[in-house]
Amino acid sequence: MSTSNDVSDSPGEQHDEDIAALVADLRDRVSQLEDSVAEQRARLDGLAAELSGERDDREAAIRDEQIQRTQIVQNAKDDLREDIEALRSDLVDEQKTRSRADALVEKRVTHLADELDVAVDDAVAAEDKLVRLLRRGPDDVVDRVYPVHERARELLVHATVWGSLVADENGRRLVFVAPEVKPYLAARFDRTFSTSEVERVFTKLVDLGADSPRRVRKDKSRDGYHRLLVWRPDPLLSASERMRA
């Protein structure tokens, strides 16, 4: 015959107690895991916020650096522009000064020629390379003849057509401008000419006139075109008319 203690210690009751203990243990572990996950999530949120802050700081620093560089470049451009404007102003003043000086010299020489009853142009023309080039050709003024010499001679032959005769307070002179000369060169030599080729023709004539009392200058017009100016053009014009006759 069994007692009450024997009933409470039956295998079924012992099994239920084991399960209850296991469930309680599992609950504790789940709770610990949840706490751990929450802690990890909090850490991740903190790291994400820190990373976002660093990213914002870096982007702000990059923007600031770009702004500073842009400002430095702009300041440099402004300084350079001011320097260029100052140089341009100085150049204009220098050109005006030289033009006035040239005009004064021109007037003095003309006055002296009138007093001495001497035709300065005729006196100069005898050994003037430009007149020799026009009258007798490139062989008379250079050892080796290149196409640029032939083109220079043609320009002088057609001086009054390819250029303009100007007379003002700066003196009497022939003026040739590259865009106006190019079509004539193209028609004469049956080919197109670049602006640089026309400039070389102007430069060659300046070189040939360098050792002559006649003044020959190459510069640029107000429109930025290459220009050739030849003072005391009368001997050239006379020789040019005879060449075309």
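**Values against definitions**

Mentor: The largest nonpolar core has 30 residues, and Leu155, Phe176 and Leu205 have the most contacts inside it. Please keep in mind that this is a predicted model, in which local features need pLDDT of at least 70 and side-chain atom pairs count only at pLDDT 80 or more, while totals for chains, interfaces and linings use all residues. Residues are numbered from 1 along each chain as its sequence is written, and side-chain values use heavy atoms, with hydrogens and water left out.

Trainee: What makes a set of residues a nonpolar core?
Mentor: The residues must be Ala, Val, Leu, Ile, Met, Phe, Trp, Tyr or Cys, they must be buried, and they must be joined through side-chain atoms within 4.5 Å. Buried means under 20% relative accessible area, exposed means over 50%, and partly exposed lies in between, with a 1.4 Å probe and protein chains only. Among the elements that give two or more residues to this core are helix 4, strand 2 (171-177) and helix 8 (195-208); helices (H or I, at least four residues) and strands (E, at least two) are DSSP runs, numbered from the N terminus.

Trainee: Which residues does Leu155 touch, beyond those up to four places away in sequence?
Mentor: Leu155 touches Trp162, Phe176, Val181, Val201, Phe202, Leu205 and Leu228, where contact means heavy atoms within 4.5 Å.

Trainee: Why is the pairing of Lys129 and Asp211 called a salt bridge?
Mentor: The rule asks for a side-chain nitrogen of Lys or Arg within 4 Å of a carboxyl oxygen of Asp or Glu. For Lys129 and Asp211 the N to O distance is 3.5 Å, so the pair meets the rule. Lys129 lies in helix 4 and Asp211 in the loop between helix 8 and strand 3 (216-220), so the pair ties together parts that are 82 residues apart in sequence. By the same rule the count comes to 13 salt bridges.

Trainee: How far apart in the helix are Arg81 and Asp78?
Mentor: Arg81 and Asp78 are three residues apart in helix 2 (residues 11-116), and so they are separated by about one helical turn. They form a salt bridge, with their closest N and O atoms 3.0 Å apart.

Trainee: What makes Trp162 and Tyr184 a stacked aromatic pair?
Mentor: Rings of Phe, Tyr and Trp (its six-membered ring) pair if their centres lie within 6.5 Å, and planes under 30 degrees apart count as stacked, over 60 as edge-to-face and the rest as tilted. Trp162, at 4% relative accessibility, counts as buried, and Tyr184, at 35%, is partly exposed.

Trainee: Why is the pair of Phe189 and Phe193 called edge-to-face?
Mentor: Their centres are 6.0 Å apart and their planes are at 65°, so the pair is edge-to-face.
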